[in-house]
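Hello,

Here is the structure I promised to pass on.

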Amino acid sequence: MTKLNIKAIINLTDEKLVEETTGSFESGIISYKESNNTYVYLDINRHELVRENDDMTMKYMFNEEEVTIGKIFVKELNHEIELDLRTVKIEKEGHKYRVEYIVGNDTFTYEVEYSEV
């Protein structure tokens, strides 16, 4: 397991969230914990993003230029919501992973830059 410095950026049309933290890399999976106690697992080979906290678990599979089903499990309600997820573009270069995707009428960009500690 490799320890990482991580900078994660989520862009929505009018909002930008930046998280700088440490995490790990093992078997193609980057994992880290955000300041809001959300655990993030990004499989850069399978293009799968999992975000989990006390309230929900979100699982997105990205497949460039295709529509996939994103799943959000709301723990308090014990209910899963399915969303159409359209992946516009996936970029992997060096120590950077970036995906642009659309959910409903909203376009998101999720980007992770990482380096060994």
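First, the ground rules. This is a predicted model: local features need pLDDT of at least 70, side-chain atom pairs count only at pLDDT 80 or more, and totals for chains, interfaces and linings use all residues. Residues are numbered from 1 along each chain as its sequence is written, and side-chain values use heavy atoms, with hydrogens and water left out.

**Whole chain**

The chain has 10 strands and zero helices. Both kinds of element are DSSP runs numbered from the N terminus: helices are H or I with at least four residues, strands are E with at least two. The radius of gyration is 14 Å, close to the 13 Å that the globule rule gives for 117 residues, so the chain is as compact as a globular protein of that length. That radius is taken over C-alpha atoms, and the rule is 2.2 Å times the number of residues to the power 0.38. Along the principal axes, the C-alpha atoms fill a box of roughly 35 × 35 × 30 Å.

Of the 117 residues, 38% count as buried. Buried means under 20% relative accessible area, exposed means over 50%, and partly exposed is in between (1.4 Å probe, protein chains only). The accessible surface comes to about 7300 Å². Carbon and sulfur atoms hold 44% of that surface. Areas come from the Shrake-Rupley method with a 1.4 Å probe; for residues, only the protein chains shown count as cover.

Take the contacts with a separation of 6 or more: residues 24 or more positions apart account for 28% of them. Contact means heavy atoms within 4.5 Å.

Charges next. There are 14 positive and 25 negative ones, and their mean positions are 3 Å apart. Lys and Arg count as positive, Asp and Glu as negative; His and the chain ends are not counted. Each charge is placed at NZ of Lys, CZ of Arg, CG of Asp or CD of Glu.

**Strand pairing**

Two strands pair if DSSP finds at least two bridges between them.

- β1 (residues 2–12) runs antiparallel to β2 (residues 15–26), with 11 bridges. Two residues sit between them in a hairpin. Asn11 has Lys16 as its bridge partner in β2.
- β1 also pairs with β10 (residues 106–116), antiparallel, over eight bridges. Here Ile9 stands opposite Glu111.
- β5 (residues 48–52) and β6 (residues 56–61) are antiparallel over five bridges. Three residues form the hairpin link. Val50 stands opposite Lys59.
- β6 and β7 (residues 67–74) run antiparallel with four bridges. Met56 is partnered by Val74 in β7. Their hairpin has five residues between the strands, and Glu65 in the turn has a positive phi of about 65°.

Is Glu48 buried or exposed? At 18% relative accessibility, Glu48 counts as buried. Glu48 is found in β5. Leaving out residues up to four places away in sequence, Glu48 touches Tyr41, Leu42, Asp43, Tyr60 and Met61.

Glu80 lies in β8 (residues 79–93). Glu80 has 40% relative accessibility, so it counts as partly exposed. Beyond its neighbours within four places in sequence, Glu80 is in contact with Lys71, Ile72 and Phe73. Thr57 is 23 residues from Glu80 along the chain, and their C-alpha atoms are separated by 9.1 Å.

Best regards
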